[in-house]
Amino acid sequence: MSLIHIENLSKHFKILNRREGLSGAFRDLFSGDYRTVEAVAGISFDIEPGEIVGYIGPNGAGKSTTIKMMTGILKPTGGIIQVNGQVPYDNRIRQAQIMGVVFGQRSQLWWDLPVIESFKILKEIYKVDQKTFDHHMDLFNELVGLKTLYSQQVRTLSLGQRMLCDITASFLHTPQVVFLDEPTIGLDISVKAKIRSVIKELNRERNTTIILTTHDLGDVEALCQRIIIIDKGRILYDGDIKRVNALFGAYRTLKLQIDGFTESTLQNLKDRLLECFGMEHGITIAATEEFWTDVTIDQAHTPLSDVLSFVMGNFTVSDVRIVEIAMENVVRKVYDGALG
Amino acid sequence: MRSYLPIARASYMVGLIYRFGFLFTVVGNIVYLGVAYYLWRSIYSYSDVIRGLTFNETFLYVGVGSAVFVLLKTYADWFIHYEIREGLIANYLTKPLDFQVYNLFANLGSLLMNLTAVALPTALIMGLVFKVKLTYGAGLFLFPISLLLAFLISFSIDYFIGLMGFYSESVWGLSTTKEIIITVFSGALIPLQFFPEDMQKVLFWLPFQAIYHTPLMMLTKPDQGLVVFLPMMAVQLAWAFGLFLAARLFYNQAIKVLRIAGG
């Protein structure tokens, strides 16, 4: 039997239509003018024990709402949701015992106290026996060097250290499933890599199921075998990451700042690249932010280094950045039927 | 129960960590005691007994009253409101915890902290510097129980206001109004004996006097006998239970706002 069973799950929010200005604010006091927002509009999936599932989508796609329903914070408007055979919001306290949750933006640790105190408190809250506690603390120390942080106040930790503490803390009571809501938000590359390896290790240790929401495709690539893409409350793709990777892994975006940039420079750049690399070059160009020109390159067709040296040789470029394809672009491409 | 005790311990520790806050509370209360002493001294220069209270009794009432005031000031309404408004409540909802009991114990920790920081120094100063004498009587033994009930009532009122976080963005207005009502109608500022007779009769049935007046009477006039004290404590007990339960029912309603409308 699957650990998480979701069938035709939906969640609607009623939102008051706000009017403009002071008089509008007064009229809103007595307003019954609500509109319904479908945050989650009928999704279905099953998650097996031990899986690491990447649950991704742009902002406002319905990711957090789904997580909140799985953790029993929100009550679904319709559909079926079961975690370990139980309905989360009906048995909140009992269900909490088998779950671990990390909300990337809000720490579950006691802000003013030394790190070790939070672990001791969690030990009592979850009624973890001493042997399991010691075993886990040793493991966490091995993974993230927790001992050196024991006596440090949580609020003095760096964001990366705090996140590592938060993640390990959510595994303390040997949960069956752990929800990680944007665990790498705001972190630099090296800390992200560390966090990914820790998550992987913790998953392997007890075959803990992990559901991960993120904006960073790198997280998904490093951790998940399976990926669920959601947008506007609907599932766009649910399946093997390999297919997604084959499609987007090869894409890189070259961001250029060209001196004396005008509309004609953009056209010029387009023409010159077409001339140099031919029709089937897999390159798209767009001026995004002010001063920046984005050149998206499919490396299956054209090596990025070729494009870069060509541009550098023919234009006066003052700044260059190379970025992986953005989540929004993946979702847009999925819409366009790339995975269909 | 065992899983909630470390929570009280944690909030006690937080109080200790903020050493300067601790220090200023101690000093602030000593200053207040001095002011109260000279104020009531000058009032009593015209008469030895006012409304059946001697200077010693009134000063004991006001002094201990100020200590109890700081003792019960745990800012629970602000904290709970903040946690709800900022969505931090999600951290509690995903743990095997009861939100009300959790907050009760967190407050118990702050209470014990305040006890160390304020109540003990106040007691020492009142006894050693101002030479206030206690009368012997049954009330002295009932005082701690009565104080605990007062804490429960005070917590429930704060918790109620905190839960408003589900409905409103700001708690400032409600919280200050509460402070004023409690300060005036509870006897925290002026002993209730100084109020008009009819008003005293009405106030007897309200929860506010059960927070200050009841425990303070047990300390200032402990020899009144159980005939006086038991009805007072019955009122306290009724409010403590009633408010705790009412707050629980209110939470069950309020949480629906979050669970249905989103956090």
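How many helices and how many strands does chain A have? Chain A has 12 helices and 13 strands, where helices (H or I, at least four residues) and strands (E, at least two) are DSSP runs, numbered from the N terminus. The model is a predicted one, in which local features need pLDDT of at least 70 and side-chain atom pairs count only at pLDDT 80 or more, whereas totals for chains, interfaces and linings use all residues. Residues are numbered from 1 along each chain as its sequence is written, while chains are lettered from A and ligands numbered from 1 in the order in which they are written.

Confidence is given as pLDDT, the predictor's own value for each residue, from 0 to 100. Chain A has a mean pLDDT of 85, with 93% of its residues at 70 or more. Within chain A, the lowest confidence falls in helix α12 (residues 327-335), at a mean of 70, and the highest in strand β6 (residues 177-181), at 94. Where pLDDT is low, the predicted coordinates should not be read in detail.

Chain A is divided into domain 1 (4-108 + 170-247) and domain 2 (250-324), with bounds that come from an automatic or database domain assignment. The C-alpha centres of these two domains of chain A lie 36 Å apart, and the C-alpha atoms of the chain fill a box of roughly 70 × 55 × 45 Å along the principal axes. Of the 340 residues of chain A, 35% count as buried, a residue being buried if 20 or more other C-beta atoms, placed from the backbone, lie within 10 Å of its own, exposed if 12 or fewer, and partly exposed in between.

One local feature of chain A is a hairpin formed by β11(A) and β12(A), with 4 residues between the strands and a positive phi of about 75 degrees at Phe291(A) in the turn. Strand β11 (residues 283-287) and strand β12 (residues 292-298) of chain A pair in the antiparallel sense over 5 bridges, pairing being assigned if DSSP finds at least two bridges between two strands.

Chain B has 12 helices and 2 strands. The radius of gyration of chain B, taken over C-alpha atoms, is 19 Å, close to the 18 Å that the globule rule (2.2 Å times the number of residues to the power 0.38) gives for 263 residues, so chain B is as compact as a globular protein of that length. Of the 263 residues of chain B, 39% count as buried. Helix α11 (residues 213-220) of chain B has 8 of its 8 residues buried, so this helix is largely enclosed by the rest of the structure; the buried residues include His213(B), Pro215(B) and Leu219(B).

Where the chains meet, the contact takes 28 residues from chain A and 22 residues from chain B, two residues being in contact if their C-beta atoms, placed from the backbone, lie within 7 Å. On the side of chain A that touches chain B, α4(A) gives the most, with 5 residues. By class, this side of chain A has 14 nonpolar, 4 polar and 10 charged residues, with Ala, Val, Leu, Ile, Met, Phe, Trp, Tyr, Cys and Pro counted as nonpolar, Asp, Glu, Lys and Arg as charged, and the others, Gly among them, as polar.

Helix α4(A) is mostly covered, with 8 of its 11 residues buried, including Val115(A), Phe119(A) and Ile125(A). What covers the buried residues of α4(A) includes α5 (130-144) and α6 (159-169) of chain A together with α1 (5-17) of chain B. Just after α4(A), Lys127(A) takes a positive phi of about 50 degrees.
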